[in-house]
Amino acid sequence: TQLLEQSPQFLSIQEGENLTVYCNSSSVFSSLQWYRQEPGEGPVLLVTVVTGGEVKKLKRLTFQFGDARKDSSLHITAAQPGDTGLYLCAGTSGSARQLTFGSGTQLTVLP
Amino acid sequence: DAGVTQSPTHLIKTRGQQVTLRCSPKSGHDTVSWYQQALGQGPQFIFQYYEEEERQRGNFPDRFSGHQFPNYSSELNVNALLLGDSALYLCASSLAGQEGTGELFFGEGSRLTVL
């Protein structure tokens, strides 16, 4: 069973601060995705990374896939209250067609 | 363009009862996956349907079953409900062959409470 561990589990910061969320596994993933989920809604895809060492930027969000494709990070610069939500990493590997999700990081950005 | 729609949005059942949840995928999508999300946790894969057949299954007991119809819509059935089945059940649609690289579109979920 492939597991994805996310840290921290909870994060509460002030508006304007920077933060990093981590997603780690002992398994190699062929691709990894990051989703954000708000209360009462399903997860929404933010980014997909497929190449070891890949870095993608989405406005104030920077995503990195580890060289060995076992870990990933999400960095948010100058967080805003609208960034509040549950951030989930999810990976696929081999012939598996399903996504394996991490347990999530609940981010709260205070105004 | 309608996204993924799920029904009902909320429901309450008692232990031992049976429940059926429904999902209509995003227009143009042919693959439906079901996930269970307990409070404060990430979604856990239940199973995936493609061409009206269960193509892959997660670590869930046989009490969880499903169906996909010719119009690609899907149902999730849970028999002999347990208190631990209380969760948000998410349906996600995608195009076959794009798992992991393509986008999974999620519905808003069905919140099941078992008393």
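A salt bridge is a side-chain nitrogen of Lys or Arg within 4 Å of a carboxyl oxygen of Asp or Glu. Over all chains, the whole structure holds 6 salt bridges. The structure is a predicted model, in which local features need pLDDT of at least 70 and side-chain atom pairs count only at pLDDT 80 or more, while totals for chains, interfaces and linings use all residues. Residues are numbered from 1 along each chain as its sequence is written, chains are lettered from A and ligands numbered from 1 in the order in which they are written, and side-chain values use heavy atoms, with hydrogens and water left out.

Side chains of opposite charge can pair when their charged atoms come close. In chain A, the side chains of A:Lys56 and A:Glu54 form a salt bridge, at 3.8 Å from N to O. A:Lys56 has a relative accessible area of 32%, so it is partly exposed. A:Glu54 has 18% and is therefore buried.

In chain B, B:Arg22 and B:Glu75 form a salt bridge, with their closest N and O atoms 3.4 Å apart. This pair links distant parts of the chain. Helices (H or I, at least four residues) and strands (E, at least two) are DSSP runs, numbered from the N terminus. B:Arg22 sits in strand β3 (residues 19-24) of chain B and B:Glu75 in strand β8, 53 residues apart. B:Arg22 is partly exposed, at 42% relative accessibility. B:Glu75 is buried, at 18%. A further salt bridge joins B:Glu54 and B:Arg57, whose closest N and O atoms are 3.1 Å apart. B:Glu54 is partly exposed at 36% relative accessibility, and B:Arg57 is partly exposed at 26%.

Between chain B and chain A, the salt bridge count is 0. The two chains do touch. Contact means heavy atoms within 4.5 Å. By this rule, 21 residues of chain B are in contact with 22 residues of chain A. The size of an interface is often given as the accessible area lost when the parts come together. Buried area is that loss (1.4 Å probe), summed over both parts. For chain B and chain A it is about 1600 Å², 53% of it on carbon and sulfur atoms.

A polar contact is a pair of N or O atoms within 3.5 Å; within protein, one must be able to donate a hydrogen and the other to accept it, and residues adjacent in sequence count only if both atoms are side-chain atoms. Chain B and chain A have 3 residue pairs in polar contact, with both residues at pLDDT 80 or more. On the side of chain B that touches chain A, the elements giving two or more residues are β4 (31-37), β5 (44-50), β6 (53-57) and β9 (87-94). The residues of this side divide into 7 nonpolar, 10 polar and 4 charged. Here Ala, Val, Leu, Ile, Met, Phe, Trp, Tyr, Cys and Pro count as nonpolar, Asp, Glu, Lys and Arg as charged, and the others, Gly among them, as polar.

A nonpolar core is a set of buried Ala, Val, Leu, Ile, Met, Phe, Trp, Tyr and Cys residues joined through side-chain atoms within 4.5 Å. The largest nonpolar core has 21 residues. Those with the most contacts inside it include A:Leu19, A:Leu32, A:Trp34 and A:Phe63. Among the strands of chain A that each supply at least two residues of this core are β3 (19-24), β4 (31-37) and β11 (105-110). Leaving aside residues up to four places away in sequence, A:Leu32 touches residues including A:Leu4, A:Cys23, A:Val47 and A:Phe65. Another core, of 20 residues, lies apart from the largest one and includes B:Tyr49, B:Phe64, B:Leu81 and B:Cys91.

A:Gln33 belongs to strand β4 of chain A. A:Gln33 is buried, with a relative accessible area of 0%. The side chains of A:Gln33 and A:Thr48 make a polar contact of 3.0 Å.

Most residues other than glycine have a negative phi, and most peptide bonds are trans. Exceptions to both patterns follow. The bond between A:Ser7 and A:Pro8 is cis, with omega about -10°. A:Pro8 lies in the loop between β1 (5-7) and β2 (10-14) of chain A. In chain B, the bond from B:Ser7 to B:Pro8 is cis, with omega near -10°. B:Tyr72 has a positive phi, near 80°, and is partly exposed at 40% relative accessible area. B:Ala80 has a positive phi, near 45°, and is found in the loop between β8 and β9 of chain B.

Terms used
Buried area = accessible area lost by both parts, 1.4 Å probe. Buried < 20%, exposed > 50% of the residue type's maximum accessible area, 1.4 Å probe, protein only.
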